[in-house]
Amino acid sequence: MSYSRPQHGILAALAAVFIWALVPVGTRYFVLKVDPFLFNVIRFAASGSVAVPLFLRARPWRWPPPDRTLLMWCALLAVPGYNIPVALGARTVPAGQLGLIIATEPVFIVVLSLILNGQRIHRRLVAGSALALAGVALTSQGPVTAQGFGVFSSLQVLGGALSWSAYTVLAARLNQRYGSAGVTGAILVVGTVMLLAISFPKIHAAAMPDSTTVAVLAGMGIASSMLGFLLWNYAGARVPAERMGLMLYLIPIVCVLAGAGFLGESLTGYVAGGGVLTVFGVWMASRAPAALPRKPILS
């Protein structure tokens, strides 16, 4: 069977979405067996190493000083800023709820973009954001897991989602100037160094898992951090952005179903109702019309 250029793009985008949807499930599974800091170290030692050729090709040490500073902030937000709180929160937050909380990222991205561009925030965006956050709050009222109380952990994951969203907005200028592949490599390598510096002092020597687990975590890191991005960028050159954006709504749905199927998590009324609110709120917020620009905060 042969596929057209747009069909190849759709298949690539769907593959990226399913990879990203399964990451919260894998995170939840492994942080119950492996120290969360070690979990991230193994993943990013692998993905950061694979990204070195892209880093060398981008040559960020030759970028102008403002862009190097921006790279440092983006790397901090994208790698340790996102992955450390999410891994810590995943110890008590079920995988389905992880996916739903992370699904609020488009709301944060839209809000931060409007703020940085000095635009007014439309009331539809406010309403959608409120619904999405209400959905997160509702899912957090679900049954307490065996590992403890989940509200603080939900806030940790939400903080990670906010960190990733801030990175996405701030990295736009770098992507326009240096290309997504080079910027991805630079952020992964620099962010991995930061994550290792933060995580190593918190890891106990006896915490090292067996070689099979290390290999699986390394593969998980490469798949989520490199393969997913490459597939998504490949699709972006072949499929209109508005069609690709619709596929992102599959992530929380796949995540909830995968959590129930692979980890035996119960699909309670809280999770189902909160999931519907979250997805609908994100959809409403992301469809808010653009406002007339005011004086930009950042030039």
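A crossing of two helices is called right-handed if the near helix is turned clockwise from the far one, and left-handed if the near helix is turned anticlockwise from the far one by less than a right angle. In the predicted model described here, the crossing of helices H4 and H11 is right-handed. Their axes, taken for H4 over residues 65-78 and for H11 over residues 180-199, come within 8 Å and cross at roughly 65°, and the two helices are therefore roughly perpendicular to each other. On the H4 side the contact is formed by Leu71, Met72, Cys74, Ala75, Leu76 and Ala78, which meet Ala186, Ile187, Val190, Gly191 and Met194 of H11. Sorted by class, this contact of H4 with H11 holds 10 nonpolar residues and 1 polar residue, with no charged residues.

Leucine 71, which is found in helix H4, is buried, since its relative accessible area is 4% and buried means under 20%. Apart from neighbours within four places in sequence, leucine 71 is in contact with Pro60, Trp63, Leu174, Ala186, Ile187 and Val190. The C-alpha atoms of leucine 71 and leucine 174 are separated by 7.7 Å, although the two residues lie 103 residues apart along the chain.

Helix H11 also packs against helix H2 (residues 36-50), and the axes of H2 and H11 come within 9 Å and cross at roughly 155°. That angle makes H2 roughly antiparallel to H11, and H2 passes H11 in a left-handed crossing. The residues of H2 that take part are Phe37, Asn40, Val41, Phe44, Ala45, Ser47 and Gly48, and those that they meet in H11 are Leu188, Val189, Thr192, Leu195, Leu196 and Ser199. The contact of H2 with H11 comprises, by class, 8 nonpolar and 5 polar residues and no charged residues.

A further helix pair is formed by H6 (residues 95-102) and H9, which pack at an angle of about 40° with their axes 9 Å apart; H6 and H9 are therefore oblique to each other. H6 passes H9 in a right-handed crossing, in which Leu98, Ile101 and Ile102 of H6 meet Ser154, Val157, Leu158 and Ala161 of H9. In the contact of H6 with H9, 6 residues are nonpolar, 1 is polar and none is charged.

Helix H9, which covers residues 151-170, also holds glutamine 156. Glutamine 156 counts as buried, because its relative accessibility is 18% and the limit for a buried residue is under 20%. When residues up to four places away in sequence are not counted, glutamine 156 touches Pro85, Leu88 and Gly89.

Helix H14 (residues 250-263) has 14 residues, which at 1.5 Å a residue should span 20 Å, and the distance of 19 Å between its end C-alpha atoms agrees with this. The buried residues of H14 are Ile251, Pro252, Val254, Cys255, Val256, Ala258 and Gly259. Glycine 264, which follows H14, has a positive phi, near 70°.

For the protein chain as a whole, the model contains 15 helices and 0 strands. Buried residues make up 49% of its 299 residues. Among the contacts between residues at least 6 apart in sequence, 91% join residues at least 24 apart.

Definitions and conventions: Residues numbered from 1 in each chain as written. Predicted model: local features only at pLDDT ≥ 70, side-chain atom pairs only at ≥ 80, totals over all residues. Heavy atoms only, no water. Axes fitted to C-alpha atoms, helices over the stretch in contact; angles between N-to-C directions. Helix = DSSP H or I, 4+ residues; strand = E, 2+ residues; numbered from the N terminus. Parallel < 35°, antiparallel > 145°, perpendicular 65-115°, else oblique. Contact = heavy atoms within 4.5 Å. Nonpolar A, V, L, I, M, F, W, Y, C, P; charged D, E, K, R; others polar. Expected span 1.5 Å × (residues − 1). Buried < 20%, exposed > 50% of the residue type's maximum accessible area, 1.4 Å probe, protein only.
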